[in-house]
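User: Hi! Could you walk me through this model? I'd like to start with the strands.

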Amino acid sequence: MDWGTELWDQFEVLERHTQWGLDLLDRYVKFVKERTEVEQAYAKQLRSLVKKYLPKRPVKDDPESKFSQQQSFMQILQEVNDFAGQRELVAENLSVRVCLELAKYSQEMKQERKMHFQEGRRAQQQLENGLKQLENSKRKFERDCREAEKAAQTAERLDQDINATKADVEKAKQQAHLRSHMAEESKNEYAAQLQRFNRDQAHFYFSQMPQIFDKLQNMDERRATRLGAGYRLLSEAELQVVPIIAKCLEGMKVASDAVDAKNDSQVLIELHKSGFARPGDVEFEDFSQPMNRAPSDSSLGTPSDGRPDLRGPGRSRTKRWPFSKKNKVLHLSVHPPPSLHCPPPLPPAGGPLPSTLPNGPPSPRSGRDPLAILSEISKSVKPRLASFRSLRGSRGVTLQTVVTEDFSHLPPEQQRKRLQQQLEERNRELQKEVDQREALKKMKDVYEKTPQMGDPASLEPQITETLSNIERLKLEVQKYETWLAEAESRVLSNRGDSLSRHTQPPDPPASAPPEDSNHNSQDKEGSEERPSEEGQDTPIYTEFDEDFEEEPACPIGHCVAIYHFEGSSEGTISMAEGEDLSLMEEDKGDGWTRVRRKQGGEGYVPTSYLRVTLKPYSEGG
């Protein structure tokens with residue numbers, strides 16, 4: 001069934017219906033456009049919300065980013081941001097595939113509808129014109145017939161009138177004949193016009209208008225089909241992002257499951273573990289004996305003579321938190337980088353922390369009281385975070401900490417981690433420069449073999465700059481390795497010092513490196529003669545005694561002294577710059593190496609002061 005057959009006489013109805021269909025299409029386009037604006041506003045608000053809760057600092061500078069809770073929250077924010085992106089994608093698809101295309105299609109439909117109705121109105125106008133012509137010819141035929149009849153009656157009356165002349169009668173007959181002829185012509189014209197109109201009318205109702213109505217029907221059906229497709233696009237735009245949105249929701253679920261409370265606790269320890277030893281017991285001060293009063297060890301201040309007060313086990317003030325309440329404003333000096341022509345910093349021993357020597361290097365296995373060593377540690381470490389009592393008692397006090405290159409402003413454990421990070425970063429940069437140097441060398445070889453590809457001399461500045469960077473990075477790596485060794489030894493010593501207060505210490509260790517049995521016996525006697533001085537605190541370094549249990553009977557290699565070293569402390573040996581030495585024992589990680597001089601005598605020297613070759617070497621050269 002079609003409109004041309006069934007609705008042949010409903011021209012106005014079809015005109016209203018097609019206009020309603022186009023209006024519905026425009027309403028849907030407007031609806032989708034507003035829906036797109038809602039989606040865009042929703043996505044924009046979601047992104048603003050995510051941006052509001054994102055951390056302001058970079059991840060690498062934000063310690064909170066290491067916690068699984070924070071990482072999960074960041075993951076949720078990322079998933080919400082991705083969800084917002086999917087809403088934007090929905091808005092974009094609706095805007096392009098629905099709004100723009102349907103709006104364009106609506107304009108095309110309007111033009112097509114206008115063309116069809118103009119054609120229909122034109123056909124109607126032509127039919128009406130034919131009808132008017134038919135009416136005119138009909139009226140003319142009717143008028144001519146009446147005038148012919150009237151003329152015939154006039155001629156007949158004159159012919160019967162005896163008073164009429166013959167001329168009048170002939171004139172009346174001629175007029176009647178003329179009128180009769182004109183009426184016959186009008187009749188023929190009317191008949192022809194009627195036949196033509198009937199043919200046009202049949203064509204109009206049975207061919208022309210049905211075709212126009214069928215075109216309108218086809219147009220309306222295509223519009224309805226396209227509108228239905230637009231309805232489907234609304235759901236398809238949503239279904240298209242459903243898998244990704246499901247992944248976003250699944251990612252939020254995974255982020256929630258990734259929260260690890262135990263791991264966060266461990267991360268907090270790693271981030272804020274200072275590495276300091278816990279404060280020792282506060283000494284009882286007996287004020288009932290004025291004559292025997294001594295300065296209080298519980299004070300965190302420095303004695304008037306400027307030397308550390310070391311008076312027995314657990315009584316050193318360095319076992320207190322290395323902060324004084326008198327330190328209202330703390331200033332830490334920035335250590336300049338070591339000169340390229342100066343010896344590198346000396347690492348402390350792997351076991352006990354060394355005592356400071358006048359000429360720079362510390363001594364391994366120093367025979368000094370460990371409490372004195374810890375006192376010097378508290379000086380070298382520089383001020384740290386205040387204790388709980390200091391924090392409570394110094395509200396409003398401004399602590400100004402100047403960042404040092406070796407991170408000595410940080411607690412030992414944090415200093416070690418930062419130095420390790422810097423060392424890894426320098427190693428990566430060094431490897432990158434080495435790779436670049438190799439690439440430049442290969443390119444230079446190619447230029448030398450094939451000059452038309454380039455000038456080899458043009459690469460010389462880059463090669464020179466790369467070599468300079470490599471040397472600089474090597475020095476920095478050596479510098480950070482030295483600092484890292486110091487920091488690790490400091491952490492280990494503080495750990496041993498803390499454990500020694502809570503466990504029963506073993507026998508006191510030797511005060512110097514175990515070179516032979518005579519040294520061991522002397523150290524043992526020395527430790528028995530001063531039990532009141534070393535007591536419980538001396539064995540805190542026994543965990544490193546195993547480094548010196550076995551001594552090689554013959555050299556395991558040779559080494560050359562890079563710098564001059566004055567071994568003035570117990571257990572060390574002097575050496576001159578450029579002197580050849582026999583390597584008796586490798587560095588066990590404490591920064592010290594045992595060597596033997598050609599003139600005789602063995603002892604420890606800083607590893608960083610040597611160039612070591614691990615191969616058999618005779619003392620005779």
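Analyst: Happy to! Histidine 558 has serine 582 in strand 2 as its bridge partner. Strands are DSSP runs of E with at least two residues, helices are runs of H or I with at least four residues, and both are numbered from the N terminus. This is a predicted model, where local features need pLDDT of at least 70, side-chain atom pairs count only at pLDDT 80 or more, and totals for chains, interfaces and linings use all residues. Residues are numbered from 1 along each chain as its sequence is written, and side-chain values use heavy atoms, with hydrogens and water left out.

User: How many bridges join strand 1 to strand 2?

Analyst: Four, and the two strands run antiparallel. Two strands count as paired if DSSP finds at least two bridges between them.

User: And what's the strand order in the open sheet?

Analyst: The five strands come in the order 4-3-2-1-5, with antiparallel pairing. Strand 4 (602-606) and strand 5 (610-613) are at the edges with a single partner strand each, so one side of each has no neighbour in the sheet. On average, neighbouring strands are turned by 40 degrees against each other, direction ignored. For that angle, axes are lines fitted to C-alpha atoms, for helices over the stretch in contact, and angles run from 0 to 180 degrees between N-to-C directions.

User: Which residues of strand 5 stand opposite cysteine 559 and alanine 561?

Analyst: Valine 612 is opposite cysteine 559, and leucine 610 is opposite alanine 561. Strand 1 (residues 557-561) and strand 5 are antiparallel and joined by four bridges.

User: Is strand 1 buried or exposed?

Analyst: Five of its five residues are buried, so strand 1 is largely enclosed by the rest of the structure. Buried means under 20% relative accessible area, exposed over 50%, and partly exposed in between (1.4 Å probe, protein chains only). Gly557, Cys559 and Ala561 are buried on one side of strand 1, and His558 and Val560 on the other.

User: Which residue other than glycine has a positive phi?

Analyst: Phenylalanine 407 does, with phi near 60 degrees. Most residues other than glycine have a negative phi. Phenylalanine 407 sits in the loop between helix 7 (388-393) and helix 8 (412-449) and counts as buried at 7% relative accessibility.

User: Nice. And where is tyrosine 205?

Analyst: Tyrosine 205 is in helix 4 (residues 166-257), and is partly exposed at a relative accessible area of 32%.
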